[in-house]
Amino acid sequence: MIITEQKPLEDIEKMLEGSDKIVIVGCNTCAALCQTGGEEQIKEMVEKLKEKKQILATIAVETPCDMRISKRDLRTVKKQIEEADAILAMTCGVGVQSIADLTEKPVIPSLDTKFLGMVERLGRFYERCRMCGSCNLFDTGGICAISRCPKGLLNGPCETVADGKCEVGGFKNDCVWVQIIDRVKQFGKLDNLMKYQPERDGSIKATLGEVVWTD
Ligand code: SF4
Ligand code: SF4
């Protein structure tokens with residue numbers, strides 16, 4: 001799932017400066033589950049903006065990242081979009097671009113796209129893939145070092161691992177490489193780890209992305 005967080009309201013208002021009439025487009029899939037762009041959050045956004053902006057229409061598109069679905073659903077608010085100064089997108093960055101490709105209007109992103117995440121439960125999401133383009137989960141027993149080792153090590157643990165714990169974060173978290181080795185040992189596949197894993201794209205760094213709701 002694509003994990004998103006809402007931008008601060010003041011940032012959204014700044015981007016909306018000069019746009020008096022707006023249409024709000026949310027996402028009924030990932031952003032709805034993250035509680036950043038579903039029906040409820042659209043209502044909340046209307047409440048926050050209604051004193052200053054004229055909200056011509058709101059719509060939660062099922063999957064805004066799918067242009068076919070966006071095209072179909074945005075037809076229902078075609079007139080309002082024509083009249084609007086801007087569209088406020090409560091979607092991930094892909095949704096923003098899909099909507100932008102379908103309309104001539106400026107599309108304002110109200111969410112930050114954080115990562116591709118695993119849902120442990122509502123409100124607790126962990127980064128589990130950095131889309132490196134060359135998946136080696138077969139060799140690593142289904143555990144991704146690229147997204148889970150904070151030093152981004154691809155060929156085994158660093159020398160600071162202690163009692164199976166990682167120094168990054170103060171030895172609270174398990175070392176992902178210890179987990180990988182334990183796992184492949186279970187499968188009798190330690191040989192898989194003998195293959196050298198080349199660095200991926202230099203822009204890919206492990207960030208241990210995690211979003212946890214506090215309330
Ligand atoms: S190795 Fe990790 S980052 Fe690369 S595609 Fe597989 S899960 Fe994603
Ligand atoms: S202790 Fe393990 S998880 Fe932490 S940085 Fe070193 S190899 Fe990576």
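**Helix crossing, ligand shells and overall dimensions**

Visitor: At roughly what angle do the axes of helix H4 and helix H6 cross?
Guide: The model is a predicted one. Helix H4 covers residues 67-74 and helix H6 covers residues 93-102. Their axes come within 10 Å, and the crossing angle is roughly 55°.

Visitor: Is the crossing of H4 and H6 left-handed or right-handed, and which residues of H6 are met by H4?
Guide: The crossing is right-handed. From H4, the residues in contact are Met67, Ser70, Lys71 and Leu74. By class, the contact has four nonpolar, two polar and two charged residues. The partners in H6 are Ser98, Ile99, Asp101 and Leu102.

Visitor: How many residues of the shell around ligand 1 are charged?
Guide: Ligand 1 is surrounded by Cys129, Arg130, Met131, Cys132, Cys135, Asn136, Leu137, Cys144, Ile146 and Ser147. Of these, seven are nonpolar and two polar. The number of charged residues is one.

Visitor: Which residues around ligand 2 are the closest?
Guide: The shell of ligand 2 has 14 residues. By class they are 11 nonpolar, one polar and two charged. The closest are Cys149, Cys158, Val161, Cys166 and Cys175.

Visitor: What radius of gyration does the protein chain have?
Guide: The chain has eight helices and eight strands. Its C-alpha trace spans about 60 × 35 × 30 Å along the principal axes. A compact globule of 215 residues would have a radius of gyration near 17 Å, whereas this chain has 21 Å.

Key
Residues are numbered from 1 along each chain as its sequence is written. Chains are lettered from A and ligands numbered from 1 in the order in which they are written. This is a predicted model: local features need pLDDT of at least 70, side-chain atom pairs count only at pLDDT 80 or more; totals for chains, interfaces and linings use all residues. Axes are lines fitted to C-alpha atoms, for helices over the stretch in contact, and angles run from 0 to 180 degrees between N-to-C directions. Helices (H or I, at least four residues) and strands (E, at least two) are DSSP runs, numbered from the N terminus. A crossing is left-handed if the near helix is turned anticlockwise from the far one by less than a right angle, and right-handed if clockwise. Two residues are in contact if their C-beta atoms, placed from the backbone, lie within 7 Å. Ala, Val, Leu, Ile, Met, Phe, Trp, Tyr, Cys and Pro count as nonpolar, Asp, Glu, Lys and Arg as charged, and the others, Gly among them, as polar. A residue is near a molecule or strand if its C-beta atom, placed from the backbone, lies within 6 Å of it. The radius of gyration is taken over C-alpha atoms; the globule rule is 2.2 Å times the number of residues to the power 0.38.
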